[in-house]
Amino acid sequence: MKRSREFPRFLVGLGSLIVFPHQITGSSGDTSKPYRKCVRKCVKQVCLNAQYATNPQPVKIPFDENHIFPALAQVPPYLQWMGWDCRDECEHYCMHLQVLHEPDNIRQYFGKWPFHRIAGIQEPASVIFSLSNLAAIYVGYKQYAHRVPSTYVLRPYFQVATVLACIAWISSTIFHIRDLPWTERLDYMAAGATLIMNSVMGLLLLFKIRDPKNVLFAFALGAFVPYIWHL
């Protein structure tokens with residue numbers, strides 16, 4: 001009886017999403033006019049003006065009538081090594097400047113919350129969590145390898161799943177240290193590979209597949225299910 005009552009509610013909820021779709025927007029911080037104007041002014045006054053470091057001039061921005069930007073063009077070598085340039089510094093500076101002037105309206109910027117950078121690391125807490133997950137995977141596998149005999153048929157697949165999971169959390173760490181196009185793709189590809197492998201392992205365990213001839217089919221199905229879920 002309880003199931004029969006919940007199912008119509010599910011249909012009503014699903015129907016409302018289809019009939020009355022909600023507008024979905026991206027990060028509102030980096031698309032806001034004050035932020036974009038601040039970045040444009042910063043790039044023009046600081047990055048494209050070779051004399052700014054020795055002769056800084058006040059400029060009007062949305063947050064300040066006579067604002068003097070710091071010498072952001074002089075990017076420290078360790079930040080340059082991590083992929084930061086003058087424009088990136090302007091974007092980071094204007095982001096925190098807008099947060100300072102709008103403390104009751106904290107927005108996301110480029111899909112991220114405006115965290116404070118530490119030693120060039122954009123998301124320090126996420127880096128710690130990713131490394132913690134990596135450590136948990138490693139410790140868990142060491143215990144698994146100690147308790148499960150080497151003759152177990154699925155042991156090689158667990159080893160592959162462990163390697164992929166470690167690669168995924170290393171990629172996640174790199175991405176949270178510095179958000180760049182290639183680090184983002186690396187993170188998503190590694191996470192996708194881990195998801196597919198975990199789906200395969202679930203099929204192997206659920207249907208008790210032990211024949212190597214059926215493993216290829218499990219891999220194909222394991223890749224197909226996450227793809228459909230993604231769609």
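Predicted model: local features only at pLDDT ≥ 70, side-chain atom pairs only at ≥ 80, totals over all residues.
Residues are numbered from 1 along each chain as its sequence is written. Local features need pLDDT of at least 70 and side-chain atom pairs count only at pLDDT 80 or more, while totals for chains, interfaces and linings use all residues; side-chain values use heavy atoms, with hydrogens and water left out.

Start by selecting the cysteines. Counting bonded cysteines along the chain, the pattern is 1-6, 2-5, 3-4.

Select Cys-38 and Cys-94. Their sulfur atoms are 2.1 Å apart, and the S-S torsion is about -80 degrees, so this disulfide is left-handed. Cys-38 sits in helix α2 (residues 33-47) and Cys-94 in helix α4 (residues 86-101), so the pair ties together parts 56 residues apart in sequence. Helices here are DSSP runs (H or I, at least four residues), numbered from the N terminus. Cys-38 is buried at 0% relative accessibility, and Cys-94 is buried at 0%. Buried means under 20% relative accessible area, exposed over 50%, and partly exposed in between (1.4 Å probe, protein chains only).

Next, select Cys-42 and Cys-90, joined S to S at 2.0 Å. The torsion of about -70 degrees makes this disulfide left-handed. Cys-42 in helix α2 and Cys-90 in helix α4 are 48 residues apart in sequence. Both Cys-42 and Cys-90 are buried.

Then select Cys-47 and Cys-86, with sulfur atoms 1.9 Å apart. This link is left-handed, with -90 degrees about the S-S bond. Cys-47 in helix α2 and Cys-86 in helix α4 are 39 residues apart. Cys-47 is partly exposed at 25%, whereas Cys-86 is buried at 12%.

Finally, select Cys-166, buried at 17% relative accessibility.

Methods:
Disulfide = S-S within 2.5 Å. Helix = DSSP H or I, 4+ residues; strand = E, 2+ residues; numbered from the N terminus.
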